[in-house]
Amino acid sequence: MVRRPLGNHHDRPDTLLVTPDTTQTDAVTSETGKELAALRELITPARVVLWDFDGPICRLFAGHSAERVARELVEWLERQGLSGLLSDEEREHPDPQVVLRAVDRRHPGSDLVTELEARLTAQERHAVVSAQPTPYADPVIRTWSALGGRFAVTTNNSARTVGDYLARRGLLDCFAPHLYGRTIRLDRLKPDPHCLLRALQAMGAAAGSALMIGDSPEDREAARRAGVPFLGYGRDEDKSAALRKAGAQVVVDSLEKVLHVLRSPQA
């Protein structure tokens, strides 16, 4: 316990009671202030915001297991007598995009890849019904749009999936027509910056006037290659650690912090 002179503000005459909790609170407040200042430095100059979809905007497979979708793609390949195209690790991987990209590496641009991609898109669009909005994403999008922000989605998911979801949430007008997603050219998926560059060109925006919000090292790398400033969204410690390891300088664990900056720009 430390007693410091403080004039007329008493715990006892002429003293202030400072506990370890007080010191800890001050440190947390200072750290929060630094984080908000770093956020403001990213947000204030951004005229165009490039959003990843699955993560920063919603959890697409919250109620429709991505692992089950991956397994169904593998089972379809097995029925075609093509299970040998996958390694054991790829066959067991819970991410359906890993399965799709593995086949594309062996048969790029083939009818087989086209069929698999269509099957994945159909599953994604089915998942939209049970997708879970990322906390604070909707108010961040609406508030930022009202303040003049221009938005695009740059994602490895299907653009049709994105359109379905945004329409259900009443957010499509904040983004359309700038939805840039997976095509049959799977070599152009992130971390390749192709979809980011398409968005910048279509919107007439310089890379330095944009900001990307993403939740994966691939998003960070795509932004780096495109020359676009990056804001990481890590909903848990593992996600945040992976983003920082990939080089993200500013990472938030909640979009509430972004909303706070948007609503108090001069703070």
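**Helices, sheet and rings**

Me: How do helix 2 and helix 4 run, roughly parallel or roughly antiparallel to each other?
Reply: Helix 2 and helix 4 are roughly parallel to each other. Angles under 35 degrees count as roughly parallel, over 145 as roughly antiparallel, 65 to 115 as roughly perpendicular and the rest as oblique. Here the angle is about 30 degrees, and the axes are 7 Å apart. Axes are lines fitted to C-alpha atoms, for helices over the stretch in contact, and angles run from 0 to 180 degrees between N-to-C directions.

Me: Which residues make that contact?
Reply: Helix 2 (residues 66-79) and helix 4 (residues 96-106) meet through Ala 66, Val 69, Ala 70, Leu 73, Val 74 and Leu 77 on one side and Pro 96, Val 99 and Val 103 on the other. Contact means heavy atoms within 4.5 Å. Nine of these residues are nonpolar, with no polar and no charged ones. Ala, Val, Leu, Ile, Met, Phe, Trp, Tyr, Cys and Pro count as nonpolar, Asp, Glu, Lys and Arg as charged, and the others, Gly among them, as polar.

Me: Before I go on, what kind of model is this?
Reply: This is a predicted model, where local features need pLDDT of at least 70, side-chain atom pairs count only at pLDDT 80 or more, and totals for chains, interfaces and linings use all residues. Residues are numbered from 1 along each chain as its sequence is written, and side-chain values use heavy atoms, with hydrogens and water left out.

Me: How many helices and strands are in the chain?
Reply: The chain has 12 helices and 10 strands. Helices (H or I, at least four residues) and strands (E, at least two) are DSSP runs, numbered from the N terminus.

Me: What order do the strands of the sheet come in?
Reply: The open sheet has six strands in the order 7-6-3-8-9-10, with parallel pairing. Two strands pair if DSSP finds at least two bridges between them. Strand 7 and strand 10 (251-252) are the edge strands, each pairing on one side only. Helix 6 (residues 137-146) packs on the sheet, touching strand 3, strand 6 and strand 8.

Me: How many bridges join strand 3 to strand 6?
Reply: Four, and Val 49 has Phe 151 in strand 6 as its bridge partner.

Me: Is strand 6 largely enclosed or largely exposed?
Reply: Largely enclosed, because four of the five residues of strand 6 (residues 150-154) are buried. Buried means under 20% relative accessible area, exposed over 50%, partly exposed in between (1.4 Å probe, protein chains only). Across the chain, buried residues make up 45% of the 267 residues.

Me: Changing topic: how many aromatic pairs are there?
Reply: The structure holds four. Rings of Phe, Tyr and Trp (its six-membered ring) pair if their centres lie within 6.5 Å; planes under 30 degrees apart count as stacked, over 60 as edge-to-face and the rest as tilted. One of the pairs is Trp 51 with Phe 151, edge-to-face, with centres 5.9 Å apart and planes at 80 degrees. Trp 51 is in strand 3 and Phe 151 in strand 6, 100 residues apart. Trp 51 is buried, at 0% relative accessible area, and Phe 151 is buried at 2%.

Me: And what about Phe 53 and Tyr 165?
Reply: Phe 53 and Tyr 165 also form an edge-to-face pair, 5.6 Å centre to centre with 70 degrees between the planes. Both residues are buried.

Me: Which residues do ring pairs link into a cluster?
Reply: Trp 51, Trp 144, Phe 151 and Phe 175.
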